[in-house]
Amino acid sequence: MTRNLSSETLPVAPACPRPPSATEVDADHCKERQERLTAVTDVLSVGANPTLAVYLAGLFTKFGWTVRRAANLAEARAFLGNQKAAVVVCEEALPDGVWQEALGVVNATPDAPMFVVIGSDKSLMGEAPALGGFDAVIRPLREAEVIWTVASAWHQWMKQFEDLESGGAPCSDA
């Protein structure tokens, strides 16, 4: 599943002779939001080891999610400069940097993805959130923990685009 957050793709509603009902507004809100979110990669895997991306794809493609891979920090920077991602899952060590640098790139991105680091150092559990990441997963990877963490990050990222303050109902995919 890919999503597009570009405001340039928002449909323009024609003038309406009568105010729409609350049901129409909620349905239009969800439809508009779904149209906005059609070109976003669900998970961007960042790291030299291609097996992480394959592992993540095995977990999440069954849910209809898209998983893309960036082999290093430079590729991740280029990807995020041109496309959106909901969650970045980054290896602790990269060929051209460290996860903290990747987190800086992610946090500087408009509509910044949630950031999850994967590593073997248990101190990541406190360090990643303290530096602005969403969470960390420690090796050995446990399928349920990876799914829970990444899905929670994805959900958190999607919640940013719900407009609950205007009284609209949350859309069902978030």
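**Close-up views of a predicted model**

View 1. Grid points are joined across faces, edges and corners, and a volume is the space filled by probe spheres set on the points. This is a predicted model, in which local features need pLDDT of at least 70, side-chain atom pairs count only at pLDDT 80 or more, and totals for chains, interfaces and linings use all residues. Residues are numbered from 1 along each chain as its sequence is written, and side-chain values use heavy atoms, with hydrogens and water left out. The volume of the largest cavity is about 30 Å³. Its lining (residues with an atom within 4 Å of a point) is made up of L44, V46, L73, A76, L80, V88, A102, V106 and F115. Helices (H or I, at least four residues) and strands (E, at least two) are DSSP runs, numbered from the N terminus. By class, the lining has nine nonpolar, no polar and no charged residues; Ala, Val, Leu and Phe are among the types that count as nonpolar.

View 2. Five strands form an open sheet in the order 2-1-3-6-7, with parallel pairing; two strands pair if DSSP finds at least two bridges between them. Strand 2 (67–70) and strand 7 (135–138) are the edge strands, each pairing on one side only. On average, neighbouring strands of the sheet are turned by 25° against each other, direction ignored.

**View 3. Strands 6 and 7.** Strand 6 (residues 114–119) runs parallel to strand 7 and is joined to it by four bridges. G119 stands opposite I138 in strand 7.

**View 4. Helices on the sheet.** Helix 2 (residues 50–60) packs on the sheet and touches strand 1 (40–46), strand 2, strand 3 (84–91) and strand 6, contact meaning heavy atoms within 4.5 Å. The direction of helix 2 makes about 170° with that of strand 2. Axes are lines fitted to C-alpha atoms, for helices over the stretch in contact, and angles run from 0 to 180 degrees between N-to-C directions. Helix 4 (residues 99–107) lies across strand 3 and strand 6, at about 170° to strand 6.

View 5. S45 is found in strand 1. S45 is buried, with a relative accessible area of 2% (buried means under 20%, with a 1.4 Å probe and protein chains only). Not counting residues up to four places away in sequence, S45 touches L52, A53, L56, R68, R69, A70 and V89.

Methods:
Buried means under 20% relative accessible area, exposed over 50%, partly exposed in between (1.4 Å probe, protein chains only). On a 1 Å grid over the protein atoms alone, a cavity is a set of points where a 1.4 Å probe fits but cannot get out, and a pocket is an open set with protein on both sides within 12 Å along at least five of seven lines; lining residues have an atom within 4 Å of a point.
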